[in-house]
Amino acid sequence: MTEELLKVVDINKTFAGVWALRGVSLTINRGEILCLVGENGSGKSTLIKIICGVYQQDSGEIYINGKQYKNLQPIDAIREGIQVIFQDFSLFPNLTVAENIALNHELARGKSFVNWRDINEIARQALDRIGVDLPLNATVDEMSVANKQLIAISRAMLLNARLVIMDEPTTALTQKEVEALFRVVKSLQEAGVSILFVSHKLNEVQAIAERVIIVRNGSKVLDTAAGELTQHKIAYYMTGHEVTSSTYDYQPQANGQESLLSVHNLTRTGSFEDISFNLKAGEILGVTGLLGSGRTELALALFGIKPADSGDIIIKGQPVRIRNIQDAIRHNIGYVPEDRLTEGLFLLQSITNNIVVRTLKDILNQFGLFSSSDKSKQARRWVDSLHIKTSDPQLPVSSLSGGNQQRVVIAKWLASMPHILILNGPTVGVDIGSKSEIHEVIRELARNGMGIIVISDDIPELTQVCNRILLLRRGRLYEEFVVSEIDEVTLNNKLLEIVI
Amino acid sequence: MTRSRVQQQDADTPQETKISPMQFIARAMSSDSTVIRLSVIVVLLFIGFSIARPDAFPTTRNMQSMAFQGSEIGILAIGVGVTMLTGGIDLSITAMANLTAIVAASVLSAIGTDVSPEQAQLAVVVALGAATFVGLLCGMFNGFLVAYVGIPPILATLGTLTLFQGIGTVITEGQAVYGIPEYTFIGTSQIGVVPIPFIIFLVVAGIVGLILSSTRYGFETYMLGTNPVAARFSGINSRRVLMLTYTMSGVLAAIAGAIILGRTNAIRIDFGQSYILLTIMIAVLGGINPMGGSGRVIGVVLAVIAIQFLSTGMNMMLFQSSGANFFKEAAWGMLLLLVLLIDYTTVRYRNRRRLGGSGKTKA
Amino acid sequence: MNWKSFFARQEVILAIAIIVLSLLIGLSNPAFFSLPNVFRILRSTIVIGIFSMGVLMVLVSGGIDVSFPAIAAFSMYATILIISDTGIDSIPFAFAVSAAVGVGLGLINSVLIAVFRLPTLIVTLGTLSLVRGVLLFYVGSRRIRISEVAPNLSEMTRANLLSVQAPGGGVANLHITFAILVVIVIVVWFILRYTMFGRALYAMGGDREAAKRVGFRVVRTQFVLYALVGLIAGIAGMVHCILSREADPFSIVGIELDVIAAVVLGGASIMGGRGTVIGTLLGVLLITIISSSLLLVGISSEWQRFVIGALIIIGTAIPVLQAKWNQRRLQVVMQEQST
């Protein structure tokens, strides 16, 4: 029994002639907690899929528990104790907690019949092992995201996992839940299980990982103990260049002394309470807080998706009611959603169609008809001005990279020239190069008089883009900062402060 | 806030993939390829049957007869097709056609035949107006259930299908409605060589096609069918689009009903009950994606022509027997399955499924 | 016991609706509660009940099947023809052959849906047409009286499970095929609740991708499913034939709507992943009561379609509206959970 659980040597992988992984070697020991860090497109997801047998490498060796696998299949990986928990958890919303935990265990044992007592027993034991108590007969769709994750973990543990790989596990968790998760991870470690986190949240990486592995452009660029790294260093290795951090210098607009948007005592039961703030033309206001703080819900309320129950919204001095999306749009509010693939884009439609979807009415003739050449022209303008990299705007938007897709979503909203633009997680899943370009776009929009609200949990992003930041906690406004008067470290500390 | 599963997949496919020329052409022509394929099929069918029965098939008389027959189902297929574009389906369209025809017939029969020619013409107008109005109402009811209450379209139109049949049964008391005067001229006459119903069909196809390709509503219909969530978030008024769509279906049903009525002089409630399968099949054949988001009217028109050729041709080949109808039914089934098989193994549909079309629309 | 959520369950709403409806009908016409009438209603539930068990499984798995009436008619008719030709007049034989033919036809669906992954509604619309067309064109369309070809079978048409002297005079008979319904209900219930196959259906209906990842053999399960539905349809066809005493290939037309309506009313979601045997049975009962009792209350039978249509609409609107209301409630709960 070696100390080495998993060893991959010199792994190469191409997809249709494009290199995804180049000469990557990696060792994971028993009971280690590692973090795999990399941008989108760096190859980290490919590496994971090779490790768990979903993809096969073009060349290179894989050793699990000392045994070499020439052609690793998922079932082999599972048998060797490698379990991957994907972001969607692969749970069944319509089945009970007990079933979700125990069913594939029973399946693996080749059972044809269902013994409910066994299932409940197995599930109970699995939950006990990680020290969690959940109602076995509740259906999973009633569970919170954090609980779903715990269910996924206990299911993985049931199959005698030796290596648990978690893909961005803290994305949807509140700080408290993150801590609960870390406690579980530590207890797994004590039981001799290794954990591999895939994460882009640099501060969490440092909080939990013992070793950090950074990949960039398909190669491993760093493999070192976590203690030796700073966030700055990590970012440097991830991107390959010094990330120039700029900040946004807010210049009060000539006519912008009155506020563009003014919110008083805005409340939505169950989401947020008593929020008040101002936004002037040309300002970029950041909104942050841990999950559950109401930051997204606030945006959804301003955009009419989940309207507020009480409070006032005043736009350019006029009180308005925003009860649905149509209202918000009528008041020139735009919203770039967090999940662009399901909420922002029409993947199978052309880039052109995605861009013009809001502004078709501008090119209608007197009969209400439009021509496709007008449509193309309109789209072209935005493709050019936002530097969307594509060979043909008639191609489906699914052919674009994440960064370019996000630009399409932004273009869609810019085309209708909103006065207030809300962006939720504007650079999630976007490579760092595109990230700073998108930031510059946002700054430029503000300089031209738009009022912008950015919701993000990425502290560096907030300090680089916003001139003011609202910190929410449990649905209430906790504190407001002016960026020029604060720095990243203080802001980070403030966030941690909230936990108490 | 969990991220969609697709975003994960997105992460590992290489960025900025080079599109090969073949893929490029395929993508750009994805809907056009259906049109081309259908045109080829139509031409082949025509040639084939003309060779097999040169005395009967390529005659003017036969063309006219086919044009008469194909028009009503063509209009219904367009109606169903439009609802399918939004990712839903309208199972009640044939029942609506039936019901509107019954309404028109009842009005006419109530007015009676003992009237002057001018009054008779007015009666026809009134009857058709009433029928269209009923079609509008029925369509709006469907739209209400789907757009405002939120019942899945399959179930809503299953219910309204039964409901409309029920209303029709009550009105006619299960009997046939006779005595429809003077109106049959629309159904049996023609302008020059071309039968009037066919002209109506082409006009309808033209209008609907134009609406879909060049109006804001049409554009929003395609977008809604592609991704209802993103549509909502982009400010598309989904309720309005759905309402308009199902209402249009109702109006089209009324037009079809008027044509059907024009051909017969008696109408029963179960007339055309089995048509719904055929209309769906024609829509799918015509390139309408049952999961929504793509398909063109021209495809449906070509599909109608193809089916009509096939149907008439087959009739000529196997001598007239009651069995021929049953054979046709079997043939439609076979054809639909074949078309599905072929379509679903082409890139377009595979992509749709991979990128997670809702998949749950069941259609 | 959380009363609010108990009463919100579809099965409970349905049961209450049935009770209220029965009371109303009974008040208007006490003959409703007579034993002969009850048995009559139960008799009407037999065929639709058997069908609904198959449809329930399909709906739970996330699919839909409209071809089952055609499969039933074909199986039944082919069997009678075989019996008439070979002279084998045995009840087990009849059912075995009908079931086997049903399986064979169901396999067409299996291949297209499970192997080729084609959309279920359109595929089964295609097989519906294909099977019915072939039946009527190739196999035959003549009505055959059972008494003429199979005396043994013919005896079964008159056999009763229960024969009770009704208080008001007359005899109340519950046909023996009701037992077949009971058996099938129990079997399907067992499958859904106590076998991996059944759980696989629910899993697939909930999330097909996840089902695959977790280790369920999704393709195999779907394959078997549609064959099983074919088998059930074959049996139902035979039962229908016995109850109507003749083999008429035209007669099972139009029942698919009622069956699907019953299953959906019973709480099965069209999206898949949800549905219970009890709910389905209640749905069947409700539809049957309404269809067969309108005359009793003086509503002419022409209103039947209308009433059922209205029922489907209301019955499908309720879960949708409920879900909307629930979502808001859940949000509040989640917020409380995370603070």
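This is a predicted model: local features need pLDDT of at least 70, side-chain atom pairs count only at pLDDT 80 or more; totals for chains, interfaces and linings use all residues.
Let's start where chains B and C meet: chain B brings 42 residues to the contact, and chain C brings 40 residues. On the side of chain B that touches chain C, the elements giving two or more residues are helices H6, H7, H13 and H15 of chain B. The table shows where each of these helices runs.

| Helix of chain B | Residues |
|---|---|
| H6 | 117-149 |
| H7 | 153-172 |
| H13 | 275-285 |
| H15 | 322-344 |

Which of them gives the most to this side of chain B? That is H15(B), with 15 residues.

The largest nonpolar core holds 367 residues, and the members that touch the most others are B:Leu76, B:Ile282 and C:Ile50. Helix H12 of chain B (residues 238-263) supplies the largest share of this core, 15 residues. Chain A takes part as well: at least three residues of the core come from each of its domain 1 (4-239) and domain 2 (259-498).

Leaving aside residues up to four places away in sequence, B:Leu76 touches B:Ile93, B:Thr94, B:Ala97, B:Leu252, B:Ala253, B:Ala256, B:Tyr275 and B:Thr279.

Finally, turn to chain A, which is divided into domain 1 (4-239) and domain 2 (259-498). How far apart do the C-alpha centres of these two domains lie? The distance between the centres is 33 Å.

Definitions and conventions:
Residues are numbered from 1 along each chain as its sequence is written. Chains are lettered from A and ligands numbered from 1 in the order in which they are written. Domain bounds come from an automatic or database domain assignment. A nonpolar core is a set of buried Ala, Val, Leu, Ile, Met, Phe, Trp, Tyr and Cys residues joined through C-beta atoms within 7 Å. A residue is buried if 20 or more other C-beta atoms lie within 10 Å of its own, exposed if 12 or fewer, and partly exposed in between; C-beta atoms are placed from the backbone. Helices (H or I, at least four residues) and strands (E, at least two) are DSSP runs, numbered from the N terminus. Two residues are in contact if their C-beta atoms, placed from the backbone, lie within 7 Å.
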